[in-house]
Amino acid sequence: MDRLTRVPGLLYGGDWNPEQWPEQVWAEDVKLMAEAGVNLVTVGVFSWARLQPDAESWDFGWLDRLLDLVHRHGVAVDLATATASPPAWLVRAHPELLPVTADGVRLEFGSRQHYCPSSPAYRQAAVRLTRALAERYRHHPALALWHIHNEYGDHVQECFCPASAADFRHWLRERHGGIEELNRSWGTAFWSQHYNSFEQIEPPRTAPGPVNPTQLLDWRRFCSDALLALHRAEKAVLDEVSPGVPVTTNFMSMLKALDYWEWSRHEDLVSDDAYPDPADPRAHVNAAMNYDLMRSLKGGRPWLLMEQAPSAVSWRPVNVPKRPGLHRLWSLQALARGADGVLHFQWRASVAGAEKFHSAMLPHRGTASRGWQDTLRLGTDLRRLGAIAGSRLRARAAVLLDWDSWWALELDDHPSARMRWLDLLRPWYAALYQRGVTVDFLPPGAEPDGYPLLLAPNLYLLDTATADRLTAYVRNGGRLVCGPFSGIVDRHDHIHPGGHPGPLRELLGIVVDEHWPIPDGETTGLALDTTGPASDATGLALDTTGPAPDATGLALDAVALGAERWSEWIETEGAAETLARYTSGPLAGRPAVTRNPLGAGSAWYLSAHLGADTGPVLDLALAEAGVGAELPGLPEGVEATRRHAADGSQYLFLLNHGPVERRVPLDTPGTGLLTATDLLTGTAPGDTLILAPLGAAVLRLPATEERA
Ligand code: GAL
Ligand code: ZN
């Protein structure tokens, strides 16, 4: 990371596509960059055709002049390997490198990302270009960061051509060893799908009916690996030719197609592209979730927001601009969740091409525009916040995220097609967000012991080793909260025998008799006993079908909740207690939410998808685990996170996402907030912080004896 940390403070800038402009314009660009405080620009993302006009000629002169120019103006460069858009001459010489869909359609040249991940011709050409760039610029003083490719999996995530089929077979051999191992893993005794040899296997192309689910699951794994192999080929060249310069590729937030746990092992720095929709009033909650993942991918290390739109994008059916203040607030949100820089797509608005209506830091109207004022202001804000660079968040709750399980959960022919990972995760995350609880994400193989509370909204696919780790975590005092339809299959997507939730049965103290999906548009009632675990020795009443809660004998403080999409007929076993019961529908009276005390901890199970009603259940678990808000008593719509610096100082971000002014009391004893300074204004707010709509503050709390 040495080169990048030479850029002091926070990183600020964007994608710059100078090949779209005559060189006279560059001079104005760098002058304006300096004015705005831009210190890092991403160059060359789509420059392949310009850098290599044909198979045997190179044109680096323009890039030499460009890098020299930005360097003279004090701007560092995130240099792209330019491999995301192979030029026409390469495609025409190797038409077989164009990707093919599951239906056999070959995708044409004329857009971008038109390559087959397994194409030898594409890979050789990409690696050759990467090497040429690395050799030429490795010592250039402007070079701070390498940017491999662009958004792997954005347009093309899979290819069904013969080269991909061969690569898939090779991958299967490596994974399974022999063909009979594959037959067992894929369960090919079903529907006469037995293979005599690997040569008989094809990718899961469009077929008459449901395709073998394990074949599909292996295909998902293979497709993530195939793109990763491409990435690793470029990374190896950069590591060899240009050691000491950090390398990144821009991720796409929570993207199903790529297992970012695996990918991030090959990044020196995690970077992300985020495009929350200004028309979506809940967009900031999703953004927070994505940023928490990016921070978590490398165990809490600072990450980089590589791309965001300064205002509107151009690829939604309706592209709403960011109202005044929103871009600043959302930029600060990325910093609040651990980013050490904010970059954009793109620096100067294009006048031609598919993205000419996309907003830019320097809009078509130029420096007279509102957008340019935003660009200047954000530059000023980031300069003021320079001290936060390198500081980290501390979460006491973690959410398990497993791509393997995500892929398996969303295979076809399940009890309900409505069980989608993001739909299951989002309400849990939103409940925690709303309560001001900071969370990290963890891969299934992680040791969660440092977190008092561990949340698993869904673990459809679960191997026994992970289940054993979770059991040990709970025995040692951890609190695990597990969502429905978990512990169902092993890594081959075969049902764990002996009743769901398979390897979690003992840990959770429940057995599932039958899955009971809820038809679209219907809701099943639940009553949750909020007096907390083990508070009611008599349990909740079984007969809950009556009209009024008091008439049914429910605990007086039972809270009515609604389940959608999913419920289960479950039975408790051992010491497990029932915290909530179904109150309507065919499961009325049966247990719905349970808690199993085990060792020094407890394991909770939600047998239903509670959607917006997930919060009240999580409240009980949060209380038991002793996990609370970053700053208690926050007004509605205000987000608070805290970054901890190595010197013991803290930076408390307070962001008002709401449409009305909010007041945050700072006089709570013991918080140290009364003497804090807002880095954005340089003033001390005193006993009350007033946040305008879309307003923000970053309070610096100096290191004290107690905190150090
Ligand atoms: C990103 C992409 C950029 C640009 C941007 C527009 O997905 O990496 O090149 O297309 O979207 O929003
Ligand atoms: Zn292919």
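Predicted model: local features only at pLDDT ≥ 70, side-chain atom pairs only at ≥ 80, totals over all residues.

Student: Okay, which residues are the protein donors of the zinc ion (ligand 2)?

Tutor: They are Cys-116 (SG), Cys-159 (SG), Cys-161 (SG) and Ser-164 (OG), lying 2.2 Å from the zinc ion. Donors are N, O and S atoms within 2.8 Å of the metal (3.2 Å for Na, K and Ca), and water is not among the atoms, so sites may look incomplete.

Student: Why is the arrangement called tetrahedral?

Tutor: The four donor atoms subtend angles of 95 to 117° around the zinc ion, which makes the arrangement tetrahedral, a label that four donors get if all angles lie between 85 and 135 degrees.

Student: And where do Cys-116 and Cys-159 sit in the chain?

Tutor: Cys-116 is in the loop between helix H5 (88–93) and helix H6 (120–137), and Cys-159 is in the loop between strand E4 (143–147) and helix H7 (162–176), so the pair links distant parts of the chain, 43 residues apart. Helices (H or I, at least four residues) and strands (E, at least two) are DSSP runs, numbered from the N terminus.

Student: Are those two buried or exposed?

Tutor: Both Cys-116 and Cys-159 are buried, where buried means under 20% relative accessible area, exposed over 50% and partly exposed in between (1.4 Å probe, protein chains only).

Student: Changing topic, what volume does the largest pocket have?

Tutor: Its volume is about 720 Å³, and of the 32 residues that line the largest pocket, the closest to its centre are Met-252, Asp-273, Tyr-275, Trp-315 and Arg-316. On a 1 Å grid over the protein atoms alone, a pocket is an open set of points with protein on both sides within 12 Å along at least five of seven lines, a cavity is a set where a 1.4 Å probe fits but cannot get out, and lining residues have an atom within 4 Å of a point. Grid points are joined across faces, edges and corners, and a volume is the space filled by probe spheres set on the points.

Student: Which residues line the second largest cavity?

Tutor: Among them are Cys-159 and Ser-164, which are also donors of the zinc ion, and helix H9 (residues 213–241) gives the most to this lining, with four residues.

Student: Last topic, how many salt bridges does the structure hold?

Tutor: It holds 39 salt bridges, each being a side-chain nitrogen of Lys or Arg within 4 Å of a carboxyl oxygen of Asp or Glu.

Student: What does Asp-520 pair with?

Tutor: Asp-520 forms a salt bridge with Arg-418, the closest N and O atoms being 2.8 Å apart. Asp-520 is exposed, with a relative accessible area of 52%, whereas Arg-418 counts as partly exposed at 37% relative accessibility.

Student: And which residues are linked in a network of salt bridges?

Tutor: Asp-292, Arg-295, Arg-337, Asp-440 and Glu-639 are linked in that way.

Technical notes:
Residues numbered from 1 in each chain as written. Chains lettered and ligands numbered in written order. Heavy atoms only, no water. Tetrahedral: all angles 85-135°; square planar, octahedral: opposite > 155°, others 65-115°.
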